[in-house]
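Please keep the sequence and the model at hand while reading.

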Protein chains: 4
Amino acid sequence: MGVPMATRLVEAGHDVRVWARRPAVAESLREQGATVVAAPDDAFAGDVLVTMLPDDEAAMALIADGALLRVGTGKIHVNMATLSSGCSRELANLHAVQGVHYVSAPVFGRSEVAAAGKLAILAAGDPDIVRRCQPLFDAMGRRTWYLGGDPGLANIVKIGGNFMVASAIEAIGEAMALVRAAGIPADLFADIISNALFDTPVYRAYAALIAEERFTPPGFRLELGLKDLRLALEAGDERAVPLPLASLLRDSFLEAMATGGADLDWSALGLVARRRAGLEGPFVQ
Amino acid sequence: MGVPMATRLVEAGHDVRVWARRPAVAESLREQGATVVAAPDDAFAGDVLVTMLPDDEAAMALIADGALLRVGTGKIHVNMATLSSGCSRELANLHAVQGVHYVSAPVFGRSEVAAAGKLAILAAGDPDIVRRCQPLFDAMGRRTWYLGGDPGLANIVKIGGNFMVASAIEAIGEAMALVRAAGIPADLFADIISNALFDTPVYRAYAALIAEERFTPPGFRLELGLKDLRLALEAGDERAVPLPLASLLRDSFLEAMATGGADLDWSALGLVARRRAGLEGPFVQ
Amino acid sequence: MGVPMATRLVEAGHDVRVWARRPAVAESLREQGATVVAAPDDAFAGDVLVTMLPDDEAAMALIADGALLRVGTGKIHVNMATLSSGCSRELANLHAVQGVHYVSAPVFGRSEVAAAGKLAILAAGDPDIVRRCQPLFDAMGRRTWYLGGDPGLANIVKIGGNFMVASAIEAIGEAMALVRAAGIPADLFADIISNALFDTPVYRAYAALIAEERFTPPGFRLELGLKDLRLALEAGDERAVPLPLASLLRDSFLEAMATGGADLDWSALGLVARRRAGLEGPFVQ
Amino acid sequence: MGVPMATRLVEAGHDVRVWARRPAVAESLREQGATVVAAPDDAFAGDVLVTMLPDDEAAMALIADGALLRVGTGKIHVNMATLSSGCSRELANLHAVQGVHYVSAPVFGRSEVAAAGKLAILAAGDPDIVRRCQPLFDAMGRRTWYLGGDPGLANIVKIGGNFMVASAIEAIGEAMALVRAAGIPADLFADIISNALFDTPVYRAYAALIAEERFTPPGFRLELGLKDLRLALEAGDERAVPLPLASLLRDSFLEAMATGGADLDWSALGLVARRRAGLEGPFVQ
């Protein structure tokens, strides 16, 4: 995701310094016009640091020794990753101590959406600071929603949204198992789902993937889907909000993990539903 | 639903005889140009009988004494209601004995969609007979999917689709309870769902209804939603297809029924999710 | 079940006429001292007819043509099978029309318990009539609980009890999968369950069966367990009582059915739990 | 729990030093013959330190600064609390570094069972060290099960057992809601459960508590039950073992928490089941 997002910033005329764990990633951005730097600290030489790291652990590791934050005193850190709301709040506190402004801005949209600058951006943090980031958001996204002063709020919405996408996948998977068992062609049902019921990219994409059992290469790894479900359940647990559908999803994800699905696309929830129904057939993967 | 569907047929130039249980319904159709008849038998004076009855019982009652079918020998009966696949097959057999062609053609779309002639029609039965019905389907719908020779197949798809809509409602309801508990305004979240994630009528409508807690008057009564979930579970049971999400939904529907929600819109699943989280607030209904 | 129950009646000195669908069954009872008759009607020559039929359908078939009830006018029919409460009430009405007293008396206990005359008997129906049956119950059971005048009440308790046993099996199965995954020997855990936590026959038996994966020959066929779960859910549905644990069990039963488990013992729920966790191993069956 | 356990040790002739957070607790043990000390370090003056702390956090806090472990070099620490298996393993490592032997020995049994010296003890750790602790276990328990060298194994069994008890409570609660809805007296059903189906203390106790709706004072606080369910789910998650029944329980616990039940007995799961069915009535608490 980082590459298309940074590319959009370069294209919008921003002066972009890039640090990436994998050299090839950095190199491809250099070709787009970004300046590749040797360490995260150098990336914070500008006014705003934008990070897109995979999870809570990576986010905390970045600032573990405090050096990065000291470099950035008075500057802005925009964290666009999917984190737990608890981690997001903890990060905000650590930043405040060092005088760094912290903005949480997770996004909805896959990498092709990022490449088109059409991400949906969920922003939370000090309203004045968020306003100063708006030109960056405009370069990367089609619209920004402001959630409030607590950075964790943007993460809650992102987590809730991913839970809803996983719910849609589970529903498609179960319904597809039912119609398959009745002898209805899966691709015909996918066509009906996509045109008669839910004419929107999420359903269109996952109905096709499940009908064709095209679970690899993964667009979003099942293991990451499980991580997000855990964040949803954790967020619910902290607030005493029962989420029975999220619980059901977590168990389906675990079953997929336990039976070899960790590296499949998270639409492989449909494979779990099919196996439970004892349905044999020409698996495409 | 019957009124806009019959109106479309009249508007398309078909000669329409109408029988309805409620006189006011028949009267409104007379004003549209239909001929109102005194009994179901008279409605079968034309080539094709189109019925839209609420459930299995009503469908079976219609032909209980066999009179109607004898009237229709050699003609076509198009049953557009949401029935169980078992009932659909049983009806097909009863019709075959009397020499009446039976077509199952349930639809997706609410009454305003029917009024615009934009229903999605799922048709199953003898392919030649379905082809002869196509002009009627074209008057009422925007597209017809042909599912196969067994009339029950169209019902399975309809049932599977309604299960998916109910799943979307449950997901919205749980996610909405979570974000409410975190202090995020429900209408802001509904806006994000509808524009950033699922830009499609089902989500748009139900996200708004749940955010505003506008569960009455019902667009689709919760009790009817429960009926459809039962059909989905029954269809799964007959084919040994576990549908854990459908099971979860049935329990939420039952809880809504038990706590006074039978006559609310089925989006009141969101109210159940909210209550489970102990959330108090200004309920709009 | 019928054989040990009839044997106990013979041993207690009652004059027993027997009709059984399988000749071998009748023959074994003749050796115990019962009179074998040619038709159900002949079995109703005595004062009381005791039936132990597998399901609603068999129970209804018995009296379908009314002949049996006419034979029994003024007599008592004690139905000891596990039926739905709805069927039980319907039977009561049909009997009343013919002037036959109807008592519902399902039991808890496997066949070895029946052979020892130690069944737990749940009786419902007219209290005077139930009282007249007490000598029969005393021959077959160790204790009789009177549930009330509506025969369906005894069935509700029987159904609720079977649901609780299935719940215990599921809990053992899931816990066993967890400890196996951690590397703890299953038989050691079964010993702890049986001695440290639940020192009672149901847990003792099922913990051992699941630990040893001894699912065949079945003590109680999984398919019958599914039947009983359906009755529980149906009873809940009629009264708007959500039973989420029963729903979960039904899905596990269906998964077992779909993957070849119909004829295994219902403790094969433990096999489903194990498979979901991807656990391989020396399956004993 | 600590008081009856320490009392048993004193009665068995052991020289017992006691430290407790609440002075009254320490005082009551002084009266039994124990020596009350001022700090945890002093409690470790003997050969073996036995701790019974409420959760992972309290266990970790005890050794946070390392002082306690340095006092105990060469000695044995027997941790009898319900911890996560992960925490148990982490503690084992921290102890090993300081040369302290670590034994995990959680127990089954309420305080009256502890007072009678009848606990079921689950022990794990170095087998020679566990053997040296056997006289202490014999004073407190009726039987000790040895689970293996990894201290976390004992915790897995304890967690799995508590999950099974919670499952039994949920099953009783749902079945009780069903029979209540049918008009059967709850105490009659509790009697049947306890005598006809599960003649064992766990069912006997919880069937009575749920029938009488006697949820306060709590024998085991619902909030602690939720803690244990979280440990079960966490243990399953680490090993990719789906535990759908544990997930269902967690949601019921959260619902109870959200609706005011944190301080009730965990049998208040039965109250949740009853509310979901919309059942009103004379709540006893």
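In which helix is B:I172 found? B:I172 lies in helix α9 (residues 152-181) of chain B; helices (H or I, at least four residues) and strands (E, at least two) are DSSP runs, numbered from the N terminus. The model is predicted, and local features need pLDDT of at least 70, side-chain atom pairs count only at pLDDT 80 or more, while totals for chains, interfaces and linings use all residues. Residues are numbered from 1 along each chain as its sequence is written, and chains are lettered from A and ligands numbered from 1 in the order in which they are written.

**Surroundings of B:I172**

B:I172 is buried, because 29 other C-beta atoms lie within 10 Å. A residue is called buried if 20 or more other C-beta atoms lie within 10 Å of its own, exposed if 12 or fewer, and partly exposed in between, with C-beta atoms placed from the backbone. Not counting residues up to four places away in sequence, B:I172 touches A:M164 as well as B:I193, B:Y206, B:A207, B:I210 and B:G270; two residues are in contact if their C-beta atoms, placed from the backbone, lie within 7 Å. B:A12 is 160 residues apart from B:I172 along the chain, and their C-alpha atoms are separated by 39 Å.

**Helices of chains B and D**

The expected span is 1.5 Å times one less than the number of residues.

| Helix | Residues | Length | First to last C-alpha | Expected span |
|---|---|---|---|---|
| α8(B) | 127-140 | 14 residues | 19 Å | 20 Å |
| α8(D) | 127-140 | 14 residues | 19 Å | 20 Å |
| α12(B) | 222-238 | 17 residues | 24 Å | 24 Å |

α8(B) bends by about 45° at B:Q134, and the proline B:P135 follows within four residues. The bend at a residue is the angle between axes fitted to the seven residues ending there and the seven starting there. In α8(D), a kink of about 45° lies at D:Q134, shortly before the proline D:P135. Buried residues of α8(B) are B:V130, B:C133, B:L136, B:F137 and B:M140. In α8(D), the residues D:V130, D:C133, D:L136, D:F137 and D:M140 are buried.

The buried residues of α12(B) include B:L222, B:G225, B:D228 and B:G236. Against what do the buried residues of α12(B) pack? Their partners are α9 (152-181) of chain A together with α6 (85-97), α9 and α13 (244-258) of chain B. After α12(B) comes B:A240, whose phi is positive, near 55°.

**Domains of chain A**

Chain A is assigned domain 1 (2-150) and domain 2 (156-276), with bounds that come from an automatic or database domain assignment. The centres of these two domains of chain A, taken over C-alpha atoms, are separated by 29 Å. Nine residues of domain 1 of chain A are in contact with ten residues of domain 2 of chain A. On the side of domain 1 of chain A that touches domain 2 of chain A, four residues are nonpolar, three polar and two charged. Here Ala, Val, Leu, Ile, Met, Phe, Trp, Tyr, Cys and Pro count as nonpolar, Asp, Glu, Lys and Arg as charged, and the others, Gly among them, as polar.

**Chains C and D**

How many residues of chain D are in contact with chain C? The contact joins 49 residues of chain D to 49 residues of chain C. On the side of chain D that touches chain C, β8 (141-148), α9 (152-181), α10 (186-197), α12 (222-238) and α13 (244-258) of chain D each supply at least two residues. The largest share of that side, 18 residues, comes from α9(D). By class, the side of chain D that touches chain C divides into 36 nonpolar, seven polar and six charged residues.

Chain D is superposed on chain C by a rotation of 180° with 0.0 Å of shift along its axis (RMSD 0.1 Å). That is the relation of a two-fold axis. The C-alpha of chain D nearest the axis belongs to D:T200, 2.9 Å from it. Copies are superposed by least squares on the C-alpha atoms of residues with pLDDT of at least 70 in both. Since 100% of the interface residues of chain D are also interface residues in chain C, the copies meet through the same surface.

**Chains A and C**

The contact between these chains takes six residues from chain A and six residues from chain C. The side of chain A that touches chain C has two nonpolar, two polar and two charged residues.
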